[in-house]
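Let's walk through this structure with a few questions. Take a look at it first.

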Amino acid sequence: MGSPQDPFYIVREEIQGSIGKLQTNFHRWDQVASNTGEYVHLTKEILTSCESIEWQVDELEKTITVASRDPAYYGLDEVELSRRRNWVGSARNQVGNVRRAVEKGKNNSAMARHQDLTGTSRSNHYSSQDNDDYIDSESDRQLLLMRQQDDELDELSESVQRIGGVGLTIYDELSGQERILSDLSLEMETTSNRLDFVQKKVAAVMKKAGIKGQMMLILFLVVVLIVLFVLVFLT
């Protein structure tokens, strides 16, 4: 079972935090009128966040694939691997649902703006002063929103950098362990070959020695075994 210090859980916590912010922005977006500047900025920010989170989830899924090749080596079992795959699938579905809803709303908003433009000649009854006041108010509002967006994007960038660093650490650790396994396999193969060679030599010597020589060799080995037993257990 994975521990809280497992890199998987560290990255998962980062992604879960990003999904929480994404859903908060989505709820704001869902309540804002589609003909406002805030709606446009939230749409852009949400789609950007979706792309970033989806990339993070894909990278996390790659580590699960690597670990599934030899779960015992990484201290995992099929239950834990299944739990991790389920979480990745759930995270991808959450982000995908938000993305589809926003993209659909974006398309509907574009159609509504097109219809509004075709009917502007019938609804343009505002005075010049009212238009100036509205533009000034909207400009201030947009400036404030842009500052908020910059702060949130800075936080998102820092989160991506942290996750990228953890991902590189996981990759380096997996690469090192893979090299160790390769070296161990090579050493085991070399040892096996040497053991086969020694066995063949012993068999050849026994064959050349004949019955009498074999008996002498067995007697010698028994004496050596007795001496070793005395040295180990009686001294």
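**Pocket and helices**

Helix 5 gives the most to the lining of the largest pocket, with ten residues. Helices here are DSSP runs of H or I with at least four residues, numbered from the N terminus. This is a predicted model, where local features need pLDDT of at least 70, side-chain atom pairs count only at pLDDT 80 or more, and totals for chains, interfaces and linings use all residues. Residues are numbered from 1 along each chain as its sequence is written, and side-chain values use heavy atoms, with hydrogens and water left out.

Q: Which elements give two or more residues to the lining of the largest pocket?
A: The lining has 22 residues, with T63, V66, I170, Y171 and L174 nearest the pocket's centre. The elements giving two or more are helix 2 (37-68) and helix 5 (128-233).

Q: How far apart are the end C-alpha atoms of helix 1, and what span should its residues give?
A: The expected span is 1.5 Å times one less than the number of residues. Helix 1 (residues 7-31) has 25 residues, so it should span 36 Å, which agrees with its end C-alpha atoms being 37 Å apart.

Q: Is E45 buried or exposed?
A: E45 sits in helix 2. Buried means under 20% relative accessible area and exposed over 50%, with partly exposed in between (1.4 Å probe, protein chains only). At 6% relative accessibility, E45 therefore counts as buried.

Q: Which residues does E45 touch, leaving out those up to four places away in sequence?
A: Contact means heavy atoms within 4.5 Å. By that rule, E45 touches N25, Q149 and E152.

Methods: 1 Å grid on protein atoms, 1.4 Å probe; cavity = no way out; pocket = protein on both sides within 12 Å on 5 of 7 lines; lining within 4 Å.
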